[in-house]
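Subject: Structure handover

Hello,

Here is the structure I promised you. Please open it next to this email and follow along.

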Amino acid sequence: MKFVYPYKRKENDFNIINSIRCVLKYYPNSEVFVLGDEPETDFEFKHIKSISNHKTRGSNVTSKMLQFAKMHPGEFVYMNDDFFINDKFDFNIVHGSIEMMERKDGKASIAWNQAVDNSVHFLEHNKRPIRSYECHQPVIFNSKLLIETMDQIEWKTNDHFIKSLYFNINVPIRFKPIENVKLILPNIKKANLYLEMFGCISTGQGFMTKEGCEYIKQV
């Protein structure tokens with residue numbers, strides 16, 4: 001199984017180092033690819049240079065995913081640097097929300113709301129479902145389908161959600177609702193619950209206290 005990270009370094013490489021560690025711990029026969037900045041770690045991964053000069057974060061992520069898809073036919077796991085998984089995550093099921101995508105005014109960034117607007121507008125115009133797949137979980141993309149999907153969309157200049165566009169256009173046969181597993185605060189009890197129930201968590205900056213970092217090291 002191929003695990004693929006679009007990566008732009010923030011303060012340090014702590015998250016992606018431990019995310020890769022989890023992948024190799026629970027899926028030792030997997031291949032890890034990082035597109036963009038190169039993490040400083042001894043864990044085994046393949047670095048692919050990628051220069052994305054688009055104005056929006058979503059466009060830069062999509063650019064990296066399409067670059068990989070064109071290089072590697074077949075399926076791969078789309079990861080973010082702050083996804084941490086164990087062997088309980090079921091890759092045979094697509095996880096998302098039973099709710100439709102909606103704006104979270106006052107609770108999210110302008111970029112997030114713009115990505116919602118653009119994604120929903122495209123899906124409504126094309127009479128597609130509008131389920132949210134933005135629960136901060138890994139997903140499996142098919143390279144051919146990803147390229148065909150994004151060829152329908154003006155993704156280079158508009159912020160968007162690549163997961164929600166992909167799966168609302170290519171509706172999964174096997175779907176399971178999942179909570180948003182993003183943890184903003186170092187709630188260790190909830191982190192344990194999500195890892196037991198879903199096999200994955202994601203962390204916000206507020207999680208990265210001393211307690212939170214030590215917990216991530218042990219996942």
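Which strands does helix α4 lie across, and at about what angle does α4 run to β7? Helix α4 covers residues 143–150. It lies across β4 (75–78) and β7. Its direction is at about 80° to β7. Please keep in mind that this is a predicted model.

The five-stranded sheet

Strands β4 and β7 belong to an open sheet of 5 strands. Read across, the order is β3-β2-β1-β4-β7. The pairing is mixed. The edges are β3 (46–48) and β7 (139–142), and each of these pairs on one side only. From one strand to the next, the twist averages 30°.

Now take the pairs in turn. Strand β1 (residues 2–7) and strand β2 (residues 31–36) run parallel, joined by 6 bridges. Look for tyrosine 7, which stands opposite glycine 36 in β2. On to the next pair: β1 and β4 also run parallel, with 2 bridges between them. Here valine 4 stands opposite tyrosine 78 in β4. Then comes the antiparallel pair of β4 and β7, which 4 bridges join. In that pair, valine 77 stands opposite isoleucine 140 in β7.

Helix α5

Helix α5 (residues 162–169) lies across β4 and β7 too. It runs at about 65° to β7. How many of the residues of α5 are buried? The count is 8 of 8, and the helix is mostly covered. Among the buried residues are Ile162, Leu165, Phe167 and Ile169. Lys163, Ser164 and Asn168 are on that list as well.

The three-stranded sheet

There is also an open sheet of 3 strands, again with mixed pairing. Its order is β5-β10-β9. The edge strands are β5 (83–85) and β9 (182–183), each pairing on one side only. Strand β5 runs antiparallel to strand β10 (residues 200–203), and 3 bridges join them. Phenylalanine 83 stands opposite serine 202 in β10. Helix α6 (residues 188–197) packs on this sheet and touches β5, β9 and β10. The direction of α6 makes about 140° with that of β10.

Helices α1 and α7

Next, find helix α1 (residues 14–26) and helix α7 (residues 210–218). Their axes come within 9 Å and cross at roughly 25°. Angles under 35 degrees count as roughly parallel, so α1 and α7 are roughly parallel to each other. Which residues of α1 meet α7? They are Phe14, Asn18, Arg21 and Lys25. On the α7 side, the partners are Cys213, Ile216, Lys217 and Gln218. By class, this contact has 3 nonpolar, 2 polar and 3 charged residues.

One residue to look at

Asparagine 15 lies in helix α1. Is asparagine 15 buried or exposed? Its relative accessibility is 18%. Buried means under 20%, so asparagine 15 counts as buried. Leaving out residues up to four places away in sequence, asparagine 15 touches Asp81, Asp82, Phe84, Thr203 and Met208.

Best wishes

Definitions and conventions:
Residues numbered from 1 in each chain as written. Predicted model: local features only at pLDDT ≥ 70, side-chain atom pairs only at ≥ 80, totals over all residues. Heavy atoms only, no water. Axes fitted to C-alpha atoms, helices over the stretch in contact; angles between N-to-C directions. Parallel < 35°, antiparallel > 145°, perpendicular 65-115°, else oblique. Contact = heavy atoms within 4.5 Å. Nonpolar A, V, L, I, M, F, W, Y, C, P; charged D, E, K, R; others polar. Pairing = 2+ DSSP bridges. Buried < 20%, exposed > 50% of the residue type's maximum accessible area, 1.4 Å probe, protein only.
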